[in-house]
Amino acid sequence: MIPAVSRTAGGTRDYQDEDLRWVELTLCMRSAGLPVEVIAEYVRLTQLGSGTIPDRLSLLEKQREVLLEQQRQTSAALGRLDHKISVYQSALKTGTLNWN
């Protein structure tokens, strides 16, 4: 999922600073839930040069919207869970289960 890394004469990968930046970006994108295919497309576009900047920007903006929607859904789920936790904590203290 990152551009090809140069190798030593013995065939060992020889990671340079730019390679490590790609690794870091890829890990960040994966931890954010971006599909492998999207990351691979981003790398492909980058390798094609600056003419693909509009496409890269569009790809990242679309993924940002996907992540924002996931964040909204996660926040809503956390709110529901927090409410249930609060109800159960109160029930343990009072001996009464009250969903209001």
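Helices (H or I, at least four residues) and strands (E, at least two) are DSSP runs, numbered from the N terminus. This is a predicted model, in which local features need pLDDT of at least 70, side-chain atom pairs count only at pLDDT 80 or more, and totals for chains, interfaces and linings use all residues. Residues are numbered from 1 along each chain as its sequence is written, and side-chain values use heavy atoms, with hydrogens and water left out.

**View 1. Residues 1–45, the annotated segment.** An unreviewed UniProt entry carries the annotation "domain: HTH merR-type" for residues 1–45. UniProt positions are given in the numbering used here, feature names are shortened, and annotations may be inferred rather than shown by experiment.

View 2. The protein chain has three helices and zero strands, in the order α-α-α along the sequence. Its radius of gyration (taken over C-alpha atoms) is 22 Å, well over the 13 Å that the globule rule (2.2 Å times the number of residues to the power 0.38) gives for 100 residues, so the chain is more spread out than a compact globule. Along the principal axes, the C-alpha atoms fill a box of roughly 70 × 35 × 20 Å. The mean pLDDT (the predictor's confidence in each residue, from 0 to 100) is 92 for the protein chain.

**View 3. The largest nonpolar core.** A nonpolar core is a set of buried Ala, Val, Leu, Ile, Met, Phe, Trp, Tyr and Cys residues joined through side-chain atoms within 4.5 Å; buried means under 20% relative accessible area (1.4 Å probe, protein chains only). The largest such core has nine residues: Trp22, Met29, Leu34, Val38, Ile39, Tyr42, Val43, Leu45 and Leu59. Helix H1 (17–31) and helix H2 (36–48) are the elements that give two or more residues to this core. H2 gives the most, with five residues.

**View 4. Surroundings of Trp22.** Not counting residues up to four places away in sequence, Trp22 touches (heavy atoms within 4.5 Å) Ile2, Pro3, Tyr42, Val43 and Thr46.

**View 5. Thr52 in the loop between H2 and H3.** Thr52 sits in this loop and is buried, with a relative accessible area of 9%. Leaving aside neighbours within four places in sequence, Thr52 is in contact with Leu45 and Thr46.

Definitions and conventions:
Buried means under 20% relative accessible area, exposed over 50%, partly exposed in between (1.4 Å probe, protein chains only).
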